[in-house]
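Subject: Handing over a structure

Dear colleague,

My notes on what was found in it follow below.

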Amino acid sequence: MVEKDRVDEIVEQWARERPDLETGPMALLGRISRTARLAGDAQERCYGRFGITRADFDVLATLRRAGGGSGLSPGRLTSSLMLTSGGMTGRLDRLERAGLVVRTPDPEDRRALLVDLTPAGRELIDEAVTASVAEQRRLLGDLTVDQQRKVSALLREVLGSVERHA
């Protein structure tokens, strides 16, 4: 168990300089932010072993989770990943050049395209997501499964509150 962390130091400094501040929310959100940054950096290194970035992973994983093999429109991908259409086009161009995705005409609407994984893209994302989950397990290795479930449940509440008030 960690006795004190960097967030404690920051909160103590604020308490000394501004004893009027209620720093509980600062401590909670500071830990969430620091955890997300450190875990995100570790995940980025994990994806790099497969020659992809976090952004590439997000596109490939979204296509893989969609299942069915019929593809998704670039618009659905864009809204799912909260990107601009220009940002999505750049990602898709890069992934298509790498042979990981293919764009084909939509049989329902000849003016539209569908994006799907190539066999190589499907193989890569399956390997990358397996490695990603292993990395997540490694990062949380000091927590029991029960502790992970409890923290996850509490963070679901935190996320809901932030989403409602943001």
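The protein is divided into domain 1, which covers residues 1-49, and domain 2, which covers residues 51-139; please keep in mind throughout that this is a predicted model. The centres of the two domains, taken over C-alpha atoms, are separated by 32 Å, and the contact between them takes ten residues from domain 1 and ten residues from domain 2.

Glutamine 43 has its place in helix H2, and, leaving aside neighbours within four places in sequence, glutamine 43 is in contact with Ser132, Glu135 and Gln136. Glutamine 43 counts as buried because its relative accessible area is 8%, which is under the 20% cut-off for that class. Leucine 139 is found in helix H6 and, not counting residues up to four places away in sequence, touches Ala39 and Ala42. With a relative accessible area of 37%, leucine 139 is partly exposed, and its C-alpha atom is separated by 31 Å from that of alanine 15, which is 124 residues apart from leucine 139 along the chain.

Next comes the nonpolar core. The largest nonpolar core has 20 residues, and those with the most contacts inside it are Ile52, Leu60 and Leu63. Helix H3 (54-66), helix H4 (74-81), helix H5 (85-97), strand S2 (109-117) and helix H6 each supply at least two residues of this core, with H3 giving the most, namely five residues. As general background, nonpolar side chains in soluble globular proteins tend to be buried together.

Helix H4 also holds serine 80, which is partly exposed, with a relative accessible area of 40%. Serine 80 and aspartate 58 are 22 residues apart in sequence, and their C-alpha atoms are 9.7 Å apart in space.

The other feature to look at is the largest pocket, which has a volume of about 1,700 Å³. The largest pocket is lined by 29 residues, of which Arg31, Thr35, Leu140, Leu143 and Val151 lie nearest its centre. The elements that give two or more residues to this lining are helix H1 (6-17), helix H2 (24-48), helix H6 (119-139) and helix H7 (145-165), and the largest share, nine residues, comes from H2. By class, the lining of the largest pocket has 14 nonpolar, seven polar and eight charged residues.

Methionine 1 is exposed, with a relative accessible area of 96%. Methionine 1 and leucine 143 are 142 residues apart in sequence, while their C-alpha atoms are 9.6 Å apart in space; leucine 143 is also one of the residues that lie nearest the centre of the largest pocket.

With best wishes

Notes: Residues are numbered from 1 along each chain as its sequence is written. This is a predicted model: local features need pLDDT of at least 70, side-chain atom pairs count only at pLDDT 80 or more; totals for chains, interfaces and linings use all residues. Side-chain values use heavy atoms; hydrogens and water are left out. On a 1 Å grid over the protein atoms alone, a cavity is a set of points where a 1.4 Å probe fits but cannot get out, and a pocket is an open set with protein on both sides within 12 Å along at least five of seven lines; lining residues have an atom within 4 Å of a point. Grid points are joined across faces, edges and corners, and a volume is the space filled by probe spheres set on the points. Helices (H or I, at least four residues) and strands (E, at least two) are DSSP runs, numbered from the N terminus. Ala, Val, Leu, Ile, Met, Phe, Trp, Tyr, Cys and Pro count as nonpolar, Asp, Glu, Lys and Arg as charged, and the others, Gly among them, as polar. A nonpolar core is a set of buried Ala, Val, Leu, Ile, Met, Phe, Trp, Tyr and Cys residues joined through side-chain atoms within 4.5 Å. Buried means under 20% relative accessible area, exposed over 50%, partly exposed in between (1.4 Å probe, protein chains only). Domain bounds come from an automatic or database domain assignment. Contact means heavy atoms within 4.5 Å.
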